[in-house]
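Here is a briefing on a two-chain model. Look over the sequence and structure, then read the points below.

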Protein chains: 2
Amino acid sequence: MRATVTGFEVHDIRFPTSERLDGSDAMNPDPDYSAAYLVLHTSDGSAGYGFCFTIGRGNEVVAAGIDALRPYVVGRPVPCTAADLAAVHRAVTHDSQLRWLGPEKGVMHMAAGAVVNAAWDLAARRAGAPVWRYLSGMTPEELVALVDFRYLSDALTPDEALDILRAAEPGRAERTRKLLREGYPAYTSSPGWLGYDDAKLVRLAERAVADGFRQIKLKVGADLDEDVRRLRLARKTVGPDIRIAVDANQRWDVGEALRWLAVLAPYDPYWIEEPTSPDDVLGHAAVRAGQPVRVATGEHVANRVVFKQLLQAGAVDFVQIDAARVAGVNENLAILLLAAKFGVPVCPHAGGVGLCELVQHLAMFDYVAVSGSREDRVVEYVDHLHEHFTDPAVVVAGRYRAPGAPGFSARMRPESVAAHTYPDGPVWQTPKHPS
Amino acid sequence: MRATVTGFEVHDIRFPTSERLDGSDAMNPDPDYSAAYLVLHTSDGSAGYGFCFTIGRGNEVVAAGIDALRPYVVGRPVPCTAADLAAVHRAVTHDSQLRWLGPEKGVMHMAAGAVVNAAWDLAARRAGAPVWRYLSGMTPEELVALVDFRYLSDALTPDEALDILRAAEPGRAERTRKLLREGYPAYTSSPGWLGYDDAKLVRLAERAVADGFRQIKLKVGADLDEDVRRLRLARKTVGPDIRIAVDANQRWDVGEALRWLAVLAPYDPYWIEEPTSPDDVLGHAAVRAGQPVRVATGEHVANRVVFKQLLQAGAVDFVQIDAARVAGVNENLAILLLAAKFGVPVCPHAGGVGLCELVQHLAMFDYVAVSGSREDRVVEYVDHLHEHFTDPAVVVAGRYRAPGAPGFSARMRPESVAAHTYPDGPVWQTPKHPS
């Protein structure tokens, strides 16, 4: 008899990161990194884990969104195949009543992503494979069947997707070996948070270079003179050969972005990330066309339809997928295929709570089975909160090691869950955290 | 001493509309029209009302989103001026942690809209004016200060907005008189729900014409032959002089829309509404450029940034604002100004629960103080659920009468709230409504 999903626990987990200004940027001055965390249990004793990342307040709203999807999971057979995982994705994104709350954006879409990713974690754990290998073991036909092509066919048809995947098939084994040997390049954003003083910036930038990173990232967008000063300081610290990306976190209008970047460009920023609203496809295209710095975006892009347009409009040089904002592995597969079709490299967003853990799998799968390339590709890395995961991402000499443990690296340590449960966990009982 | 907001009640209200297939379309086959309903109370005994419209499941998630905004309202002074209402809008849309859950889209943005609209309802009630007149009494400077121009300035600057409003100022009094005398043109979608049989379609279409409507709307997109048949039947019923708009409710990809519309176009549909994803600016532009039927969209457009692009890209012939999806009156004012700048008429979406009640105020204000025109403009009307409101929209001879009661017409009857509270209200206790 086939096992069924019997348990669906939703936890509101928050870390008091605002105390040290980790994660501070021009739009998000004091985040408390948080996760609406989902645990699935099965009738035969296995479990799967998934989550949404938030920055504090409202984490309970996302938890409510996940909870609304319970009927699509509990009591149903455990997903074991690509077809099962396509069905889970379809069920949680196509409920006509819940779709009204997006469609396919915001809280309900993030919630759908947590459920889809938990299903992938569960299926991969049961198959004994890390998600990147589990995905890389699927046929092109199985992979194409995972994707919802609705609203994509003017840019990417199922047949074109099949062609992309088939073209990459012969090299899968060789690239898997290379990945296991060499890992996947990372860059670090740890030095560049806006709330850090110069000494901390310099110390962390030096450490990043010493640790083998070839790219760092600085937050910009609050004060132009300060940005120039910090960019020069960082350049002086890391030397000419290390890439320095900058990230405005949606701070600018189009005209402001152009004026600001005209001043920053001579300091050779590698890319400008989120120069304006993540919804503004035409705005990104104008920013890319109007100044020399390469444009990257994606961590707040709501869904595959907006990514499609960013590519159609020639608005981005780098596609920054996020593992936990869109509807999970399935929708990110759609985005990887779109990027491959348009020949734009994918450089995933990470950091937060567990985003490094998740997205490394998608980048590695992209290398093995979709784009087939690590050229111009790099996964963000931020060195915090990994200790709360049972299978933390491992970055050595500036490269992510290929995860070996089964699943999506999505499981939090039970003691971390207990300690950081909001508002009743012990971490939130001290007078330091009055909110 | 200035009065403060002391009460913030959130209600989950659902109507079992799926029983009769009212509201059924190609994407939403069985909606239970619902509202996450907010009641504000003040220290001096007044009250304000606002809500999000949903179609059933997930209404509790939106209610949780509204609840997350409680700290921005309760204990604060009652909003009494344009500046106060600008501050409320800013507070609920700029919380950096909550913004992460959109940004500015989906559940949290709808929730922000409910709070903003409740603040407007409250302020207008206290001023003794219906919202359309309350707004029409503000100076151009006050109105401009209500708008968040972030991400808009490449298409509309505050100075340009001021010019638009000043140009309309001299005619305000005359247009107010005309509005009070003549009302505002409506069209009806009541005949065209996809779940209705031919006899009901014909009967309701005949009634619409007899009632004085000059435009009706049919849902399309499920079956092309059926759509042609129903369009011919409707045309035969209403004659050549009544406009028949069609609405695909996002059912198509771009290519499908073009193929489908090539077949429908000879039957002279007045516009095609939501031909594809509401996020697909470039897709709408391609649909508009590729066939002769005028394009309308907006009820699911997430925010002013997407409306901006629809206008920049020449993607729409009609802008369909929705009173309860974006962040309330303030953001809809931004959208009205954008539409005026680009010279595109606004034809608001309504129906649902209370959307006619709200949006009539915005259309009338647009006529009096923004676009200054009713030309090519028409507000949707659907004849259901009005009986649950204390100041229901009144449509006579195919025209909305200008509301006279103070506020935003947003208050539900207390007995309706009690009866339809989900899941504990009496309406949901009968075996007919097992969900």
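In chain A, 75% of the contacts with a separation of 6 or more join residues 24 or more positions apart. Two residues are in contact if their C-beta atoms, placed from the backbone, lie within 7 Å. This is a predicted model: local features need pLDDT of at least 70, side-chain atom pairs count only at pLDDT 80 or more, and totals for chains, interfaces and linings use all residues. Residues are numbered from 1 along each chain as its sequence is written, while chains are lettered from A and ligands numbered from 1 in the order in which they are written.

**Fold of chain A**
- Chain A has 16 helices and 12 strands. These are DSSP runs numbered from the N terminus: helices are H or I with at least four residues, strands E with at least two.
- The C-alpha atoms of chain A fill a box of roughly 65 × 55 × 45 Å along the principal axes.
- Of the 435 residues of chain A, 61% count as buried. Buried means that 20 or more other C-beta atoms, placed from the backbone, lie within 10 Å of the residue's own.

**Helix H1 of chain A**
- In helix H1 (residues 59-67) of chain A, 8 of the 9 residues are buried, so the helix is largely enclosed by the rest of the structure.
- Among the buried residues are A:Asn59, A:Glu60 and A:Ile66.
- Within chain A, the buried residues of H1(A) pack against strands S1 (5-14), S2 (34-42) and S3 (47-54) and helix H4 (106-127). From chain B, helices H1 (59-67) and H4 (106-127) pack against them too.

**Symmetry**
- A rotation of 180° with 0.0 Å of shift along its axis superposes chain B on chain A, with RMSD 0.0 Å. That is the relation of a two-fold axis.
- The superposition is by least squares on the C-alpha atoms of residues with pLDDT of at least 70 in both copies.
- B:Gly106 comes closest to the rotation axis of the residues of chain B, at 2.3 Å (C-alpha).

**Interface**
- The contact takes 52 residues from chain B and 52 residues from chain A.
- H1(B) gives the largest share of the side of chain B that touches chain A, 5 residues.
- 100% of the interface residues of chain B are also interface residues in chain A, so the copies meet through the same surface.

Conventions
Buried ≥ 20, exposed ≤ 12 C-beta atoms within 10 Å, placed from the backbone.
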